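Colleague: Please take a close look at one part of this model, the pairing of its charged side chains. Kindly place that part in the context of the chain that carries it.

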Amino acid sequence: MKEGIISKEYVIPANDFAVAGEASSNVKKILIQLGVEPQAIKKTAVSMYEAEMNVVIHAGGGRAFVEIDEEKILIKIKDDGPGIPDIDLAMQEGYSTASDEIREKGFGAGMGLPNIKKYSDIFNITSQIGKGTLLEITVFFKVKEFIKI
Ligand SMILES: Nc1ncnc2c1ncn2[C@@H]1O[C@H](COP(=O)(O)OP(=O)(O)O)[C@@H](O)[C@H]1O
Ligand SMILES: [Mg+2]
């Protein structure tokens with residue numbers, strides 16, 4: 001492994017709102033420790049949280065793979081859920097298939113995917129019906145001094 005690269009893998013649970021969001025909050029802590037600029041931390045935290053919650057709510061759980069080097073963070077969020085039939089539609093602001101039960105918990109505003117696109121520097125989404133979905137999110141950043149942790 002190249003020196004200076006941090007790799008992390010997280011299991012994202014299905015429908016467990018007690019631990020949902022743990023992966024993104026852990027990554028946020030790492031970026032703070034590394035001395036990454038606050039704006040990039042915010043962009044990463046928002047994007048990864050939304051992607052993580054989508055896997056919890058819509059996909060029956062999955063995994064997150066994270067790689068951090070001196071200039072960027074790459075996050076891959078993968079699930080083996082139902083897939084997204086129409087990605088263009090899913091990307092629209094306000095579009096959501098969340099149930100009433102999920103909406104009562106405060107989710108399902110349909111702003112997750114649009115916000116991931118807005119806050120990430122590179123965003124890729126691929127999905128296959130019945131097989132699952134893969135999101136790739138990259139955020140570039142500057143660090144005053146890359147602190148080795
Ligand atoms: N990982 C996923 N697996 C299956 N469907 C998904 C996934 N992520 C998003 N979707 C679909 O795209 C829609 C829009 O997602 P999003 O913008 O995050 O809004 P919300 O999560 O509030 O419904 C969801 O309602 C769901 O139908
Ligand atoms: Mg969402």
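Modeller: A salt bridge is counted here when a side-chain nitrogen of Lys or Arg lies within 4 Å of a carboxyl oxygen of Asp or Glu. The model is a predicted one, in which local features need pLDDT of at least 70 and side-chain atom pairs pLDDT of 80 or more, whereas totals for chains, interfaces and linings use all residues. Residues are numbered from 1 along each chain as its sequence is written, chains are lettered from A and ligands numbered from 1 in the order in which they are written, and side-chain values use heavy atoms, without hydrogens and water.

Helices (H or I, at least four residues) and strands (E, at least two) are DSSP runs numbered from the N terminus. Lys-43 has a relative accessible area of 17% and therefore counts as buried, while Asp-121, at 38%, is partly exposed; buried means under 20%, exposed over 50% and partly exposed in between, with a 1.4 Å probe and protein chains only.

Helix H2 also holds Ser-47, which is buried with a relative accessible area of 0%. Leaving out residues up to four places away in sequence, Ser-47 touches Ile-116, Tyr-119, Ser-120 and Ile-137, contact meaning heavy atoms within 4.5 Å.

A further salt bridge is formed by Lys-72 and Asp-69, whose closest N and O atoms are 2.8 Å apart. Here Lys-72 is partly exposed at 25%, and Asp-69 is buried at 11%. Lys-78 and Asp-80 also meet through their side chains, at 3.4 Å from N to O. In that pair Lys-78 is partly exposed, with 40% relative accessibility, and Asp-80 is exposed, with 62%.

As for the setting, the protein chain has five helices and five strands, in the order β-α-α-β-β-α-α-α-β-β from the N terminus. Buried residues account for 43% of its 149 residues. Among contacts between residues at least 6 apart in sequence, 66% join residues at least 24 apart. The C-alpha trace spans about 45 × 30 × 25 Å along its principal axes.
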